[in-house]
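Subject: Structure for you to look at

Hello,

Here is the structure I said I would pass on. Please open it and keep it beside this email while you read.

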Amino acid sequence: MNYFSSDFKLGILGSGQLGKMLLFDTRKFDIQTYVLDPSDEAPSKIACNKFFKGDLMDYETVYNFGKQVDVLTFEIELVNLEALTQLENEGVKVYPSPKTLKGIQNKGTQKDFYTQSNIPTASYLRFESPAHLQKSVGNNEITIPFVWKCTEFGYDGNGVKVIRQISDMDDLPNVECIAETMVPFKNELAVIVVRNPSGEIKTYPVVEMEFHPEANQVEYVICPARIDEKVAEKARAIALNVSEKFNHVGLLAVEMFQTQDDEILVNEVAPRPHNSGHYSIEASYTSQFENHLRAILDLPLGNTDSKVAGIMVNLVGAEGHSGNVVYENIETILGWDGVTPHIYGKKETRPFRKMGHVTIVNENMQEARRIAQEVKNTIKVISA
């Protein structure tokens, strides 16, 4: 099929920053894009050929949208699975497949999959509600502290909470959840795997993630991870195994823990471009977004190696600020070598909302990390 400068149509479910960055590469290749999102102010709206407003969880909306395109992908997991399955049955190519998404969409189901597939992961228990969880804690079936996660609709640190005392469970939402053993880890790592329908598969280098202690959000992504090469090889091998078991097409971001004794445990996965791969736009030979596009179109995959050390700094809304966004001191960082800001196009900020990121590239990893800290201390995302 001729994808370039032709009548071919790529559909994207979701229109946030991931879609916006993916559309940079569709525009580079002159590929027609249709986008569906519930918001009139979706960041991707300015970059696609046709924008449709609609509910991503509504069967008819997703089905009718998908009938207009040749290949359908998504930048968010919370989409209607039944519609995707029907579209696939009718000949629309859906990547990643609905079957893959079904195993990932619910975090409880995802954890069950790891256990059934002999993929190393932290021990856990599933609960229908916080009431069942509290009963289990009362019966000493679970030891505090542990990590609480809602099984659906969690994102960017929402839907995750460390339970350190009984009272921490008082305000949990009344949803299905899991209680996960706290892992005494050295590092939080991630590996992005890219695979096309023909079976060509590659991994990006292992990255290291530094998290905000309160928001449970990634603050820095460091590539390559500052770990022993044997540990990196183990992490990449486990990521490839996860990809094989899910039989995914496109990008699969595999988040992991490196334990104190250098074991690797899979935390969770995302079947789409991911925050841990944003550094690749500037630092890699082929960005994660271009490789996702190559993969779902069954084109040869690009080189996943890094050209230079890269660090990504997330720009999130400052505490105490809600309203029309202002990026304070952005002109300052624009004057620094190797520093590239990406603004997502969200008009309103709120505390800890992801509003953009900054990539720092440098031949020297220590220098890159120093500049990243300066960026973090300099630019502020506030409200007008």
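Helix 5 is followed by Asn118, whose phi is positive, near 60 degrees. Bear in mind that this is a predicted model.

At the N-terminal end of helix 5 sits a cap, Asn106, with a side-chain oxygen 2.8 Å from the backbone nitrogen of Gly108. Helix 5 covers residues 107-116, and its buried residues are Lys107, Gly108, Gln110, Lys111, Phe113 and Tyr114.

Two packed helices are described by the angle between their axes and the distance between the axes. Both values are given below for each pair.

Take helix 2 (residues 59-66) and helix 3 to begin with: their packing angle is about 30 degrees, and their axes are 8 Å apart. That angle makes helix 2 roughly parallel to helix 3, since angles under 35 degrees count as such. The two helices cross in a right-handed way. On the helix 2 side the contact is made by Tyr59, Val62, Tyr63 and Gly66, and on the helix 3 side by Glu82, Ala83, Leu84, Gln86 and Leu87. By type, these residues divide into 6 nonpolar, 2 polar and 1 charged.

Helix 3 (residues 81-89) also packs with helix 4 (residues 98-105), at an angle of about 165 degrees and with the axes 9 Å apart. Helix 3 and helix 4 are therefore roughly antiparallel, because the angle is over 145 degrees. Helix 3 passes helix 4 in a left-handed crossing. Leu81, Leu84, Thr85 and Glu88 come from helix 3, and they meet Pro98, Leu101, Lys102 and Gln105 of helix 4. This contact divides into 4 nonpolar, 2 polar and 2 charged residues.

**Asp228**

Where is Asp228? Asp228 lies in the loop between strand 13 (218-223) and helix 7 (229-246). Its relative accessible area is 48%, so Asp228 is partly exposed. The side chain of Asp228 reaches the backbone nitrogen of Lys230 at 2.9 Å. Asp228 and Asp262 are 34 residues apart in sequence, while their C-alpha atoms are 9.3 Å apart in space.

Regards

Notes: Residues are numbered from 1 along each chain as its sequence is written. This is a predicted model: local features need pLDDT of at least 70, side-chain atom pairs count only at pLDDT 80 or more; totals for chains, interfaces and linings use all residues. Side-chain values use heavy atoms; hydrogens and water are left out. Axes are lines fitted to C-alpha atoms, for helices over the stretch in contact, and angles run from 0 to 180 degrees between N-to-C directions. Helices (H or I, at least four residues) and strands (E, at least two) are DSSP runs, numbered from the N terminus. Angles under 35 degrees count as roughly parallel, over 145 as roughly antiparallel, 65 to 115 as roughly perpendicular and the rest as oblique. A crossing is left-handed if the near helix is turned anticlockwise from the far one by less than a right angle, and right-handed if clockwise. Contact means heavy atoms within 4.5 Å. Ala, Val, Leu, Ile, Met, Phe, Trp, Tyr, Cys and Pro count as nonpolar, Asp, Glu, Lys and Arg as charged, and the others, Gly among them, as polar. Buried means under 20% relative accessible area, exposed over 50%, partly exposed in between (1.4 Å probe, protein chains only). A polar contact is a pair of N or O atoms within 3.5 Å; within protein, one must be able to donate a hydrogen and the other to accept it, and residues adjacent in sequence count only if both atoms are side-chain atoms.
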